[in-house]
Amino acid sequence: MSSSCQKLQGYEFYQKVLGGAKLVLAPMVDQSEYAWRILSRRYGAQVCYTPMIHAKMFCDEGNKQYRTDVWSTGKYDRPLIVQFCANDPEVLLKAALKVQDQCDAVDLNLGCPQHIARRGHYGSFLQDEWNLIYKLINTLHENLSIPVTAKIRIFPEVEKTIKYAKMIESAGAQLLTVHGRVREQKGHKTGLADWTQIRKVKYIGLESIAVLFIYYSLHLTDMQMKLIQALKIPVISNGNILYFEDIQRCLDVTGADGVMSAEGNLYNPAIFANMYPPVWQMAKEYLEICRTVPTKIAYIRGHLFKIYQPALPFHIDLREQLAKVNTFEEIFALSEELRERLMKTAAESGKDTEIRKDENGFKIFPHWICQPNIRTENGSSKKEKKEVIESNNLSDTLQREQDNNANNDSKNDNSNNSLYDEESTQFTVSSLFVESSLIS
Ligand SMILES: Cc1cc2nc3c(=O)[nH]c(=O)nc-3n(C[C@H](O)[C@H](O)[C@H](O)COP(=O)(O)O)c2cc1C
């Protein structure tokens, strides 16, 4: 018998099960694993997604290793949404049934833009097959004891995105995450996410100014607000979150119910808490969690490369070692060594804690502070790093050394993984010029 009528739906599910969450940790292959979710929740994540799990591989009895690698959770790991990619409704259902007792919803990935997703026929490469998507979502809606949700990318045409979102809702999705980029926006073409499209998915037929005016000046009731919403289910906005302040700006502009962060959280796991802690503090806390929660070395290494990203160009010997070490204890020792070096530099640099901004509006942090990773179009962050160096009065030699190595950052980052095989979400400085209001 269908269980869809007994479970909570839409806003009731969002309020009662997800606690009306505004701050959402994104699904990230190899990076939103259990240990990372524990850390992110400590620093404000109110709902977490697992990494995308390949439904067919997950169901393959001959591939137990995959299941162990991608799926682990614990008592306090809630609210939790498990994300799958799939193109066969029965396989998706089989996979979802295996996890439904340990999570709060199952999500369908319709946003992955990578070559591997094209080859495997999943993620954003399903976005033109609406009948199949309907079936995938509806099968979960009809047969799971928990709600189904979906994460999409937008189309170039906003009307199509709205129709698409409504189709997904009609299939039974109880929450929709909208990543405001089209499928082609990946790698060096990533650019900015389009918050205005997300706003139109949320509020149909009305321009944002009118909506915001009505909302703030007339204080419409929840019931009245629902009348002007395109969807009856909650919408989570995804994209363009570099700093804590961007969260509120995103909520204001899009009218979304919550905001999801991926990269912003990886480089600063305390972004939701409006904190910019020292990199060594986040690294140590994460490693202590990994001591208690078995975590693949590749995931740990990937996280440390990101947390320590601003500092590693200043300690190239340790960066090279981090790419090679294979045991937890080796990684821990390396992290301790880096911590000692950075604490010494920080202590010597004095107590100037004022946060300055460069001419593009990017905040300038010392290299031992967690901060967003901002890249230029060719993938290097030479200009910004130069300014960081100058602001910290470090030597020209160090700067030259860093410039030479800036382009190697991603090569040495072994966090790349099989299902998301290329960086998809880099901001580019030139595109941020256009919308410099993004960063106040
Ligand atoms: C390392 C990494 C892994 C990702 N893995 C997934 C994934 O498993 N599922 C998914 O829907 N999106 C995945 N994404 C995309 C993010 O969830 C998010 O949509 C995208 O990064 C834009 O958000 P951001 O601007 O906050 O980074 C991944 C992104 C990164 C950087």
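**Helix packing in a predicted model**

Hi everyone, let me start with a pair of helices: helix 14 and helix 17 pack with their axes 10 Å apart, at an angle of about 160 degrees. Please keep in mind throughout that this is a predicted model. Angles over 145 degrees count as roughly antiparallel, and helix 14 and helix 17 are therefore roughly antiparallel to each other. Their crossing is left-handed.

Who meets whom here? On the helix 14 side we have Val 279, Trp 280, Ala 283, Lys 284, Leu 287 and Cys 290. Facing them from helix 17 are Phe 328, Phe 332, Ser 335, Leu 338, Arg 339, Leu 342 and Met 343. Sorted by class, that contact has 10 nonpolar residues, one polar and two charged.

Now, both of these helices turn up again around helix 15, so to speak, and that is my next stop. Helix 15 covers residues 297-307, and nine of its 11 residues are buried. Which residues of helix 15 are buried? They are Tyr 299, Ile 300, Arg 301, Gly 302, His 303, Leu 304, Phe 305, Lys 306 and Ile 307. Notice that Arg 301 and Lys 306 are on that list. And what covers these buried residues? The cover includes helix 14 (279-292) and helix 17 (328-348), along with helix 2 (34-42), helix 13 (263-267) and helix 16 (316-324).

Helix 5, residues 89-99, packs with helix 7, residues 130-143, at an angle of about 40 degrees, and their axes are 9 Å apart. Roughly parallel would need an angle under 35 degrees, so helix 5 and helix 7 are oblique to each other. Helix 5 passes helix 7 in a right-handed crossing. Helix 5 brings Pro 89, Leu 92, Leu 93 and Ala 96 to the contact, while helix 7 brings Lys 135, Leu 136, Thr 139, Leu 140 and Asn 143. By class, this contact splits into six nonpolar residues, two polar and one charged.

Finally, let's step back to the whole chain. How many helices and strands does the protein chain have? There are 21 helices and 11 strands. Of the 440 residues in the chain, 47% are buried. As for contacts between residues at least 6 apart in sequence, 72% of them join residues at least 24 apart.

Key:
Residues numbered from 1 in each chain as written. Predicted model: local features only at pLDDT ≥ 70, side-chain atom pairs only at ≥ 80, totals over all residues. Buried ≥ 20, exposed ≤ 12 C-beta atoms within 10 Å, placed from the backbone. Helix = DSSP H or I, 4+ residues; strand = E, 2+ residues; numbered from the N terminus. Contact = placed C-beta atoms within 7 Å. Axes fitted to C-alpha atoms, helices over the stretch in contact; angles between N-to-C directions. Parallel < 35°, antiparallel > 145°, perpendicular 65-115°, else oblique. Left-handed = near helix turned anticlockwise from the far one by under 90°. Nonpolar A, V, L, I, M, F, W, Y, C, P; charged D, E, K, R; others polar.
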